Protein chains: 2
Amino acid sequence: MSSEISLTERAQHLLKVLVEHHIRDGRPVGSTTLSRDSGLKVSAATIRNTMSDLESMGLIQSPHTSAGRIPTQRGYRLFVDSMVKIQPLERVQLNQLESEISDREKSAGEVLSTASSLLSQLTQMASVVMVPKRGQMVLRQLEFLSLSEGRVLAILVTNGNEVQNRILQTDRTLSESELRQAANWFNRTFVGEELSVVRARLVEELERARGEMDGAMQGIVRMAQQVVTSGKVGEDDVVVSGRSRLMEYGELCEMDRLRQLFDAFGEKRDMIHLLDQCMEADGVQVFIGEESGYSSFDDCSVVTAPYRHEDGVVGVLGVVGPTRMAYDKVIPVVDMTAKILGSALNSMR
Amino acid sequence: MSSEISLTERAQHLLKVLVEHHIRDGRPVGSTTLSRDSGLKVSAATIRNTMSDLESMGLIQSPHTSAGRIPTQRGYRLFVDSMVKIQPLERVQLNQLESEISDREKSAGEVLSTASSLLSQLTQMASVVMVPKRGQMVLRQLEFLSLSEGRVLAILVTNGNEVQNRILQTDRTLSESELRQAANWFNRTFVGEELSVVRARLVEELERARGEMDGAMQGIVRMAQQVVTSGKVGEDDVVVSGRSRLMEYGELCEMDRLRQLFDAFGEKRDMIHLLDQCMEADGVQVFIGEESGYSSFDDCSVVTAPYRHEDGVVGVLGVVGPTRMAYDKVIPVVDMTAKILGSALNSMR
DNA sequence: GATTAGCACTCGACCGCCCGGAGTGCCAGT
DNA sequence: ACTGGCACTCCGGGCGGTCGAGTGCTAATC
């Protein structure tokens, strides 16, 4: 569909300088500025010709006659794909990521939210970390605790040192020993299994119980089902940080647009859907403006990266900011955070 | 300092109508509007005289010559103190609060955040719920779980069906049975005590252990100390909801002001300090504009109410919105939420 | 003495206008 | 192929004028 057949050396260079300049100060860039800053020994007039080429190729545009040019979405695309020079991550930032994420005293959940807030802090934008589907979690231990009047507190420990708890309503009040028995059976039968497997096997178990087993056993199985099918278990989740940083950016300052953006984070639906698409991607992925497919993000870019365990992709993280962002700095931060987060989760298997 | 010696019937009435009118449409209110809407059978000119009195008393002011008048902070104060007519809570809203907060399947934490989000939803403003100091929580059960390489997962169940967990580093790897033994001792000794008491008694215990007991026991006590002095335990916390709703209000729309507001929620320090002051108050309390003492809230009002257990005040909740808010609707919502939250927490003792 | 009508005055919001600056496109000259 | 020159366009800011809303004051009225 596109006509990027060729682009002279000069045109490429000019596009690069133009985008960089516009990212820096946000204003449209004119031919004179460009002739001064590009390092090329040509006059403004010549540059105007080249710019006009770039415009007809849909890489840059002028917001109105006789303003400078700004990159179009396609322009940004080309820039990001083939001319941005990724800056190495600063030592300090790297250290901070390393030490705060790979903290052995943190549980998986804490590590994820640390990653999210660092991501936001280092990029000065909003960040999102998608939490692994709980369904992929492995059961470590289950514990029941009797509350008053037929209510039972179930505590579920999974890998990643994650503790989930849920209150169950039972049809009759169960004794301490009954609960201990139930927990024992459950642990004996399912420890080490993925929760999704546990769910599946519980259904079989209930089938079997219908015929063979006694009523008590049926009760236990049903209770166990309540635990693993409960609200949070098995559901995607996202951690968002630093939304309010987006207010700093002038171009997003129309209240209704900003509001829309905030809503998008609140809804989480679109968010999750978008992030899901990045699961299979190999490394950092950049969505510029409308590329994300969600109109709330029209003037924004989203930079994502999947993070992986030794046994495959686990989740996705990313940042959201204005299209006019410092890709050369942001990309490595996202990249590195994903890597560090991956290995941190790895080490707490 | 003030000169509210007296205020004619008419002046009071006019102030009331003016404030109500301004709350409704946000624009300055002029004498003609007032003579039309006040129900009084007097001309605009007369009203102008009264308004001029009100102005000299510092209850209303005009943003500039020849605009109408708007209430000053003191004007709002008087309005809230002695003329606002509290509206009864709507049936639907009451039902919603009742059913969602008093949900027996929710843990204390979930109940608090439900309350916060309902508060925000019903008032269309930002809400804050201050969580009881964890130090006041009563120990129900402790469980240890061995992780790899000298790391132990401690699971702490307190009243309110709240589950906290924390990863401890131990100097040597402990066996399953050692851990079970330690947990048994801990539970035998401390179940039913407040965490603050547990903390204190652990110190004594360590003293005693230094002389009498064996090294293993010392290790256990130290581990227990780690559990109850860990990060979250014993710290105030706040749940904030619906910050972004504040963007809807035109008067808060200057970006920097709004930003400041968001930061205030982020910092939480000021927030907590402000809420702390309301702990002893008897019912709903209203801070108008600068009364809160924090400049971030200058154009805002804060409506708070403490919520209580049978054994005394537990925490504070409230909403933050523009000074120009519908006090007659907001106050009962805050009031009722506090009451319902209190009794909900009560019933899960 | 309280209330009112009348009137001059003030000020913000809005509109149309003009002007300077920045930047473009095109063309003719090197 | 590049450049200088030039006419043109458009945005933004400053200026002046008008309009409407609202005030404060004063003199007349109840």
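The element that gives the most to the surface near DNA strand C is α3(A), with five residues. Here, helices (H or I, at least four residues) and strands (E, at least two) are DSSP runs, numbered from the N terminus, and a residue is near a strand if its C-beta atom, placed from the backbone, lies within 6 Å of it.

Before going on, a word on the source: this is a predicted model, in which local features need pLDDT of at least 70 and side-chain atom pairs count only at pLDDT 80 or more, while totals for chains, interfaces and linings use all residues. Residues are numbered from 1 along each chain as its sequence is written, and chains are lettered from A and ligands numbered from 1 in the order in which they are written.

Two or more residues come from each of α2 (31-37) and α3 (44-56) of chain A and α3 (44-56) of chain B.

Now look at where the chains meet: 23 residues of chain A are in contact with 24 of chain B, contact being C-beta atoms, placed from the backbone, within 7 Å. On the chain B side, β4 (139-146), β5 (151-158), β6 (162-169) and α10 (255-267) each supply at least two residues.

Finally, take chain A as a whole. You will find twelve helices and ten strands in it, and its C-alpha trace spans about 90 × 40 × 35 Å along the principal axes.

Notes. Two residues are in contact if their C-beta atoms, placed from the backbone, lie within 7 Å.
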